[in-house]
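Below is a short report on one predicted model.

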Protein chains: 2
Amino acid sequence: MPPRPPAELGAPVSEIETPALVIDLDLFERNLATMADAVGGSGVRLRPHAKAHKCPDIALRQMASGAIGVCCQKVSEAEVFVAAGIPDVLLTNEVADPRKLRRLADLSRTARIGLCVDGPAHVARLAQARAGHEGRLDILIEIDVGQGRCGMPVGPQLVDLARAIDAVPGLSFAGLQAYQGKAQHLRAPQDRRTAIGHAVERARIAKSMLEGTGIACPIVTGAGTGTFALEMTSGIYTELQPGSYALMDADYARNAFDGPVFAHALTLHATVISTAVPGQAVLDVGYKGAAVDSGLPVPVSPATEVLGMSDEHTVLRQPERAPLAVGDRVILLPGHVDPTVNLHDWFVGVRDGRVETLWPITARGAGL
Amino acid sequence: MPPRPPAELGAPVSEIETPALVIDLDLFERNLATMADAVGGSGVRLRPHAKAHKCPDIALRQMASGAIGVCCQKVSEAEVFVAAGIPDVLLTNEVADPRKLRRLADLSRTARIGLCVDGPAHVARLAQARAGHEGRLDILIEIDVGQGRCGMPVGPQLVDLARAIDAVPGLSFAGLQAYQGKAQHLRAPQDRRTAIGHAVERARIAKSMLEGTGIACPIVTGAGTGTFALEMTSGIYTELQPGSYALMDADYARNAFDGPVFAHALTLHATVISTAVPGQAVLDVGYKGAAVDSGLPVPVSPATEVLGMSDEHTVLRQPERAPLAVGDRVILLPGHVDPTVNLHDWFVGVRDGRVETLWPITARGAGL
């Protein structure tokens, strides 16, 4: 039973069933244009991260707006985007399961596929898994540039690993993944500059180390919405991976930005289902429709405060003027775009007060 | 593209692709038997909450183990369970949207359907929405028994509302929803007894108030896994709504129990994808596969500690003995069963080390 979309094409916004993720198409298109303007002419390639939206319709619009391909985090995500016609996918993550590695190799027959590794174990598994297959994978070595999660330390073992990659038939060492995720949500621009300055320095040393031994390092990739302008002008990064910029969220709203500013194109529409407890209005969405890992959703219309959340409910403080009634609409900014999108099956695209598009979130739940 | 299951029937547990939600079928069946034993002979009916598992295969087994039907939270959930053959569904929530109310009325042609209201606005909307439809709905008034979320205060307006319900063709006042959700995770049995003592008292007063004016109140429903034995022996509650008992989670593991104890039948299987940063092992699951609203998942095999989580990763402290390697399996207890289940499309049921069943989580994402 495929989930029903929460709206009909052409319907007024007020008739969208809730909870629903709604995209303001004007703002969304402006965000894509803002990013294209920011990156255009820099000589650096834009490869937006599809983990943020999981939606082929958005990825195809990003391609039309200058992207060279997309990033994914999961093999099953990559399968969705290749099936939708994206010709170039980088998996910005490590993969251990030989069956998943074989599926990636299969995908590489119809699209250019890149994958990250951060140690010899991955290369051994790739060598084993690809036996008998004909695919070809670009392999990037992930280096730890301050994130402290995945990624090798920068040192001479990079050279050994790059050589080991090139020694496996069908694998090509293609460069470095140098993503500093922790820097994205540092609130002050100066703190982000310091963090990315360190990342750039690590990437520069790693690249020099490889090139010094005659190993070409054509790709250095990283960056997110919070810092992409810094990596872009570093002289080292060749690709950028921002994801959130297309839709945005309340967590990014807490960043101070001194570069391009993106609009909040994504909102979560909800309906008041109870006002029985004085001073409160209760919405028809909770943890199952709004991720709270990076903070609560923020009510923007009406502007009020979230008093509490549970699996199925969000409790708002009743606005003093114009209190909410059962059936009223409330519009929230999602706390964190990526895991919130992963809870929904549809984006409802609106313009001029009407539903213009219904985009399936095809890679929703693609976790394998 | 319907999501692929993470395992094949008959495969050894070690070959389940990850991340995957795995049910130990022996423990699951023991939990159902423990609940049936606890409730059997009490004269109180068991109506497990399907929001916890969203899985018709589990609901049908609960029915076979003595349940009279299930509870749901959403109309689209109820549609899934009625389509699967559940003959009696109570929606333990308020619904504002007239289209959803019409869909519920439609469902009532093939199953017995109950719904909660907590004020006159809901009854007016029901009256309006059901025009021209032939369904019949049992209506329960939700009273606030200490949860402070939805629910009317206990007072004479209950009588007016019950009369207003019965005045609408096709609606029957059927009783009270008196759920104290906050009590479920009070850690000490004495604190839960105090909270439920208060809830029982509120429900008793409300029922007396109604019956004193000649209005029958055949159903009083509430309770969860943390407190059901208290409501069961209250002499007031006639139905129980526990959901988590079938699978359990790390949040319930922090409760001290002095009644029936349920086993942790549900685990989240994950795979180590990186050990490049010293002292850490990084798993292939993050916020998109494990809800963190009620605390982090807990690694049980090997027993170690979660150092951090992000959208796609969980970082573990490396066990000092037998450090984890890339490709190793790690088994975690989900932090909170309901929203974690809602992130997955399949339960993998295992017994004697092999995959015995693959149960689709059909109502996953059913939020409308």
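## The parallel sheets

Strand β7 (residues 171-177) and strand β8 (residues 219-222) of chain A pair in the parallel sense, over three bridges. Gly175(A) has Ile219(A) in β8(A) as its bridge partner. Strands here are DSSP runs of E with at least two residues, helices are runs of H or I with at least four, and both are numbered from the N terminus. Two strands count as paired if DSSP finds at least two bridges between them. In chain A, an open sheet of eight strands with parallel pairing runs in the order β2-β9-β8-β7-β6-β5-β4-β3. At its edges stand β2 (45-46) and β3 (70-72) of chain A; each has a single partner strand, so one side of each lacks a neighbour in the sheet.

Chain B has an open sheet of eight strands with the order β2-β9-β8-β7-β6-β5-β4-β3 and parallel pairing. Within chain B, β4(B) pairs with strand β5 (residues 112-117) in the parallel sense over four bridges. Val89(B) stands opposite Ile113(B) in β5(B).

## Basis of the model

The model is predicted: local features need pLDDT of at least 70, side-chain atom pairs count only at pLDDT 80 or more, and totals for chains, interfaces and linings use all residues. Residues are numbered from 1 along each chain as its sequence is written, while chains are lettered from A and ligands numbered from 1 in the order in which they are written.

## Two domains in chain A

Chain A is divided into domain 1 (13-21 + 262-360) and domain 2 (25-249). These bounds come from an automatic or database domain assignment. The C-alpha centres of the two domains of chain A lie 33 Å apart.

Across the boundary, 19 residues of domain 1 of chain A are in contact with 21 residues of domain 2 of chain A. Contact means that C-beta atoms, placed from the backbone, lie within 7 Å. On the domain 1 side, α10, β16 (346-351) and β17 (354-360) of chain A are the elements that give two or more residues. β16(A) gives the most, with four residues. By class, this side has 11 nonpolar, five polar and three charged residues. Ala, Val, Leu, Ile, Met, Phe, Trp, Tyr, Cys and Pro count as nonpolar, Asp, Glu, Lys and Arg as charged, and the others, Gly among them, as polar.

## Antiparallel strands of chain A

β10(A) and β11(A) form a hairpin with five residues between them. Gly279(A), in the turn, has a positive phi of about 85°. The two strands run antiparallel and are joined by two bridges. Val272(A) has Leu283(A) in β11(A) as its bridge partner.

β11(A) is also joined to strand β14 (residues 314-317) of chain A, antiparallel, by four bridges. Here Val282(A) is partnered by Val315(A). Both faces of β11 (residues 280-283) of chain A are covered: Gln280(A) and Val282(A) on one side, Ala281(A) and Leu283(A) on the other, are all buried. A residue is buried if 20 or more other C-beta atoms lie within 10 Å of its own, exposed if 12 or fewer, and partly exposed in between, with C-beta atoms placed from the backbone.

## Where the chains meet

In all, 58 residues of chain A are in contact with 58 residues of chain B. On the chain A side, α5 (120-129), β10 (266-274) and α10 (337-341) are the elements that give two or more residues. β10(A) gives the most, with four. This side has 25 nonpolar, 17 polar and 16 charged residues. Of the interface residues of chain A, 100% are also interface residues in chain B, so the copies meet through the same surface.

Two residues show the contact in detail. Thr271(A) lies in strand β10 of chain A. Thr271(A) counts as buried, with 23 C-beta neighbours inside 10 Å. Beyond four places in sequence, its contacts include Ala96(B) and Asp97(B). Glu94(B) sits in the loop between β4 (88-91) and α4 (98-107) of chain B. Glu94(B) is buried too, with 26 C-beta neighbours inside 10 Å. Among its contacts beyond four places in sequence are Ile273(A) and Ser274(A).

## The nonpolar core

The largest nonpolar core has 245 residues, of which Leu104(A), Val348(A), Leu104(B) and Val348(B) touch the most other members. Such a core is a set of buried Ala, Val, Leu, Ile, Met, Phe, Trp, Tyr and Cys residues joined through C-beta atoms within 7 Å.

Terms used: Two residues are in contact if their C-beta atoms, placed from the backbone, lie within 7 Å.
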